[in-house]
Amino acid sequence: MGESALTGYSEFVQSAMVGRADVPARQNGVMTSDVQEVAEWVRTAHRVVVLTGAGMSTDSGIPDFRGPNGLWTKNPDAEKASTLQHYLADGELRKRSWRSRVDAPLFTAQPNAGHYALVELERRGQLHAIVTQNVDGLHQAAGHDPAKVIEVHGTVHYARCWDCDDRRPMVELLNRVRAGEDDPSCEVCGGIIKSDAILFGQNLVPHVIEAAMAAAERCDLLIAAGSSLSVFPAANVVPRAKSVGARIVIANAEPTNMDRFAHALLRGGLSSVLPLLCAAAPRDDS
Ligand SMILES: [Zn+2]
């Protein structure tokens with residue numbers, strides 16, 4: 001029951017270890033004593049994999065899909081447009097989708113302190129990979145080597161023809177919409193164009209999922225940040241990493257589906273928690 005008691009304390013930080021009774025001081029809205037312990041794990045890790053989900057980007061102004069202020073809660077049409085079958089079948093839906101895309105916060109959002117904290121891990125040579133469920137490109141915008149970022153659900157920053165697979169930067173398509181096209185079609189084959197983010201009803205890309213699982217199996221520390229860990233196969237990164245003996249840290253505002261695998265649970269906003277975890281001085285004992 002211990003974990004369920006945490007529900008509702010969105011900025012509460014608690015060790016997963018049953019019976020721990022630290023009474024840590026608060027700093028920046030998070031409890032610090034356990035964060036400092038986890039920060040020491042981060043400091044001494046050699047190959048960190050970070051799995052990120054929607055909670056990573058809420059502090060960048062990108063709404064979660066299903067929360068009270070979520071995109072789909074406020075605009076059910078957006079959920080329909082996120083379903084492959086509807087998107088392909090309904091030209092009017094596509095027109096509304098393109099129109100809303102032109103001003104979507106997804107395209108103007110900036111990385112937050114959480115994103116930059118992870119860049120620091122890469123700078124120190126400790127980051128093996130970021131596996132992200134997000135399609136917003138903010139990890140790359142923060143400065144990661146794009147080769148380190150595995151986007152399991154694709155990206156909105158590219159567009160792809162459903163028929164011939166022609167792929168090009170989304171900005172080209174948005175410029176066509178701004179110039180007056182309401183449902184821009186493929187210039188190669190005339191087919192329907194969608195964003196390169198994976199829609200519901202669409203298959204994931206096998207080699208991308210394989211890369212994510214391979215990364216999980218090579219890490220010594222996994223940080224799952226801002227994900228409910230309820231969407232598969234991405235969430236399988238957690239048990240995969242655990243199976244090879246990696247330490248598991250889950251940082252999320254709410255309890256997740258995978259909390260039972262965690263060595264530490266951190267309940268807090270990621271833009272507060274991640275800088276505390278990653279700010280430690282680089283390891284000097286190797
Ligand atoms: Zn095409």
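Tutor: A residue counts as buried if 20 or more other C-beta atoms lie within 10 Å of its own, as exposed if 12 or fewer do, and as partly exposed in between, with C-beta atoms placed from the backbone. This is a predicted model, in which local features need pLDDT of at least 70, side-chain atom pairs count only at pLDDT 80 or more, and totals for chains, interfaces and linings use all residues. Residues are numbered from 1 along each chain as its sequence is written.

Student: How many residues of helix H11 are buried?

Tutor: Helices are DSSP runs of H or I with at least four residues, strands are E runs of at least two, and both are numbered from the N terminus. In H11 (residues 270-278), eight of the nine residues are buried; among them are Leu270, Val273 and Cys278.

Student: Where is Ala235, and what does Ala235 touch?

Tutor: Contact requires C-beta atoms, placed from the backbone, within 7 Å. Ala235 sits in the loop between strand S10 (221-225) and helix H10 (237-243). Leaving out residues up to four places away in sequence, Ala235 touches Leu229, Ser230, Asn257 and Met258.

Student: Why is Ala235 classed as buried?

Tutor: Because 20 other C-beta atoms lie within 10 Å of Ala235.

Student: At what angle do H5 and H8 cross?

Tutor: Axes are lines fitted to C-alpha atoms, for helices over the stretch in contact, and angles between N-to-C directions run from 0 to 180 degrees. Helix H5 (residues 91-102) and helix H8 (residues 170-178) cross at roughly 105 degrees, their axes coming within 10 Å.

Student: Which residues meet there?

Tutor: Trp98, Arg101 and Val102 in H5 meet Leu174, Val177 and Arg178 in H8.

Conventions. Contact = placed C-beta atoms within 7 Å.
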